[in-house]
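Have a look at the sequence and the fold below. Take a moment to trace the chain before reading on.

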Amino acid sequence: MKVSETDTLFLPRMDVASIDKEIKATELKLSRLHKDRGRAVGRKYLTCTGCAKKTQIQKVIFLQTHHYTPPRGCTGGDSWTPGEGNWVCSKCGYLSRLYDRDFDLCAIQDAADEVWDTHGVKDLADKVEELRSKV
Ligand SMILES: [Zn+2]
């Protein structure tokens with residue numbers, strides 16, 4: 001096979017339709033792998049810092065905290081920045097922080113039963129109280 005300067009080094013020249021078909025098949029496979037990974041992470045357990053009991057990640061409500069940054073200078077507007085993840089143990093009501101775990105936070109967030117965004121300390125306290133009322 002003769003290779004021209006416009007060919008990639010290791011792949012034979014493909015037409016656009018063939019490349020598009022390959023991209024679509026690869027995206028489908030990648031999507032399935034992400035779903036499989038999410039289900040696998042969801043079957044793992046988090047250990048409560050308060051009572052040491054375990055809860056499956058797929059049953060946890062993930063509390064995504066956000067902290068407020070006030071406006072700065074002439075052009076800087078205010079903003080909310082995502083912070084750490086938290087969860088309330090359904091067995092004892094303890095608020096556990098999610099960091100330094102075996103899985104990354106995004107994986108836990110994707111696999112959790114629900115994700116609740118909290119904005120500021122009072123909002124977090126209100127949502128924690130709502131979850132504790134169900135314990
Ligand atoms: Zn607990």
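What follows is a short walk through this structure, from the overall layout to single residues.

This is a predicted model. The protein has three helices and six strands. Starting at the N terminus, the elements come in the order α-β-β-β-β-β-α-β-α. There are 135 residues in the protein, and 14% of them count as buried.

Four strands form an open sheet, in the order S5-S4-S3-S6, and the pairing is mixed. Strand S5 (95-98) and strand S6 (114-119) lie at the edges. Each has a single partner strand, so one side of each has no neighbour in the sheet. From one strand to the next, the twist averages 35°.

How do the strands pair? Strands of a sheet are joined through backbone hydrogen bonds, in either a parallel or an antiparallel way. Strand S3 (residues 61-69) and strand S4 (residues 79-88) are antiparallel, with six bridges. Find His 67 and look across: its bridge partner in S4 is Thr 81. Tyr 68 stands opposite Trp 80, also in S4. S3 pairs with S6 too, in the parallel sense and over six bridges. There, His 66 has His 119 of S6 as its bridge partner. In a regular strand, side chains alternate between the two faces of the sheet.

Helix H3 (residues 121-132) touches S3, S4, S5 and S6. Its direction makes about 145° with that of S6. What span should the 12 residues of H3 have? At 1.5 Å a residue, they should span 16 Å. The end C-alpha atoms of H3 are 16 Å apart, which agrees. Is H3 well covered or hardly covered? H3 is hardly covered: one of its 12 residues is buried.

Last, a single residue in a loop. Ala 52 sits between strand S1 (45-47) and strand S2 (54-56). Most residues other than glycine have a negative phi. Ala 52 has a phi near 70°, a positive value in a residue that is not glycine. Is Ala 52 buried or exposed? Ala 52 has 11 within 10 Å, so Ala 52 is exposed.

Conventions. Residues numbered from 1 in each chain as written. Predicted model: local features only at pLDDT ≥ 70, side-chain atom pairs only at ≥ 80, totals over all residues. Pairing = 2+ DSSP bridges. Helix = DSSP H or I, 4+ residues; strand = E, 2+ residues; numbered from the N terminus. Axes fitted to C-alpha atoms, helices over the stretch in contact; angles between N-to-C directions. Contact = placed C-beta atoms within 7 Å. Expected span 1.5 Å × (residues − 1). Buried ≥ 20, exposed ≤ 12 C-beta atoms within 10 Å, placed from the backbone.
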